Amino acid sequence: MFYHPKDGHGLPHNPFNAIVTPRPIGWISTRGSDGQENLAPYSFFNAVAYVPPQVMFASTSAKPDRDGTKDSVANIRDTGVFCVNMVEYAMRDAMNLTSGPWPRDVDEFTKAGITRAECDTIACSRVANAPANLECRLTQILQLPGEANFAVFGEVIGVHLRDDCIIDGIFDVTTFQPLTRLGYRDYSHVRDVFSLKRPGES
Ligand SMILES: Cc1cc2nc3c(=O)[nH]c(=O)nc-3n(C[C@H](O)[C@H](O)[C@H](O)COP(=O)(O)O)c2cc1C
């Protein structure tokens, strides 16, 4: 089949987010200048540069109690910082609970029973036992075409790696099995790993 997105796809569900898969999940923690804590998952998320290390996530649609966006973007606009917490398979239910359409004064760390720790370089909480946390300083927020679509870019200025995830000097994903987002209500977790040498590598 072929379709022009502007004309609709004719399927029971939009296939778009099943096409670009698997996607990593950035579990974004923020703290507003009023002290309100927030935690929510974003799978329009990725790393985008090595030096300096940079990440991005995209927020789509708005919450009724926020000015044209969601809590995460609103807090980041407010404070200029955020933390990305990587999601392991064991945390899938807690992660999912934090994605609810909770009012802005709901602290999702508390709601989902997630232990928090203070970040080292920014005024923000992080998920204490996540395999990795990336402490980020906002570089830019881009408004994308469409209603309430924003891409948030940040420079990573502090990195936490959980000690048991480092095996022989390698951050070994098989120790925690990253959760990945597929389409619809589907997820997967990384268990099988293989290596490929690039052309010219010995
Ligand atoms: C696995 C997963 C991935 C998600 N990815 C996104 C995303 O990339 N962009 C987005 O706007 N919402 C995404 N959502 C929905 C948000 O998590 C949800 O709207 C949440 O309430 C936003 O919280 P906030 O207002 O506290 O930022 C995702 C939800 C789940 C469960």
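Two strands are said to pair if DSSP finds at least two bridges between them. By that criterion strands S2 and S3 are paired, since six bridges join them in an antiparallel arrangement. The structure described here is a predicted model.

**Strands S2 and S3**

- Strand S2 spans residues 26-31, and strand S3 covers 37-42.
- Trp27 has Pro41 as its bridge partner in S3.
- The hairpin formed by S2 and S3 has five residues between the strands, and in this hairpin Gly35 adopts a positive phi near 90°.
- S3 is largely enclosed by the rest of the structure, because six of its six residues are buried.
- Glu37, Leu39 and Pro41 point one way from S3, whereas Asn38, Ala40 and Tyr42 point the other way; all of these residues are buried.

**Strand S6 and its partners**

- Strand S6 comprises residues 81-86 and is mostly covered, with five of its six residues buried.
- S6 runs antiparallel to S2, and four bridges join the two strands.
- Asn85 is the bridge partner of Trp27 in S6, while Pro41 is the partner of Trp27 in S3.
- S6 also pairs with strand S9 (residues 132-143), in the antiparallel sense and over five bridges.
- Within this pairing, Cys83 stands opposite Glu135 of S9.
- In general, strands of a sheet pair through backbone hydrogen bonds, either parallel or antiparallel.

**Ligand site**

- The ligand takes up the space of the largest pocket.
- Of the 20 residues around the ligand, those that come nearest are Asn38, Tyr42, Thr60, Lys70 and Ser72.
- The side chain of Tyr42 places an N or O atom 2.6 Å from an oxygen atom of the ligand.
- A polar side-chain atom of Lys63 lies 2.9 Å from a ligand oxygen atom, and a polar backbone atom of Gly100 is 3.1 Å from an oxygen atom of the ligand.
- Taken alone, the ligand exposes 640 Å², of which the protein buries 89%.
- Strand S3, strand S5 (54-59), helix H2 (71-79) and helix H3 (92-97) each supply at least two residues of the shell around the ligand.
- The largest share of that shell, four residues, comes from S3.

**Open sheet of S1, S13 and S14**

- Three strands form an open sheet in the order S1-S13-S14, with antiparallel pairing.
- Strand S1 (23-24) and strand S14 (187-189) are the edge strands, each pairing on one side only.
- Three bridges connect strand S13 (residues 179-181) with S14 in the antiparallel sense.
- Thr180 stands opposite Ser188 in S14.

- Glu88 lies in the loop between S6 and H3.
- Glu88 has a relative accessible area of 10% and is therefore buried, as the cut-off for that class is under 20%.
- The side chains of Glu88 and Arg162 are joined by a polar contact of 3.0 Å.
- Leu138 belongs to strand S9.
- Leu138 counts as partly exposed because its relative accessibility is 24%, a value in the class between the cut-offs of 20% and 50%.
- Leu138 and Phe109 are 29 residues apart in sequence, and their C-alpha atoms are 22 Å apart in space.

Technical notes:
Residues numbered from 1 in each chain as written. Predicted model: local features only at pLDDT ≥ 70, side-chain atom pairs only at ≥ 80, totals over all residues. Heavy atoms only, no water. Buried < 20%, exposed > 50% of the residue type's maximum accessible area, 1.4 Å probe, protein only. Near = heavy atom within 4 Å. Polar contact = N/O pair within 3.5 Å; in protein donor to acceptor, adjacent residues only side chain to side chain. Areas by Shrake-Rupley, 256 points an atom, 1.4 Å probe, with all protein chains shown as cover. 1 Å grid on protein atoms, 1.4 Å probe; cavity = no way out; pocket = protein on both sides within 12 Å on 5 of 7 lines; lining within 4 Å. Sits in = over half its atoms within 2 Å of the grid points.
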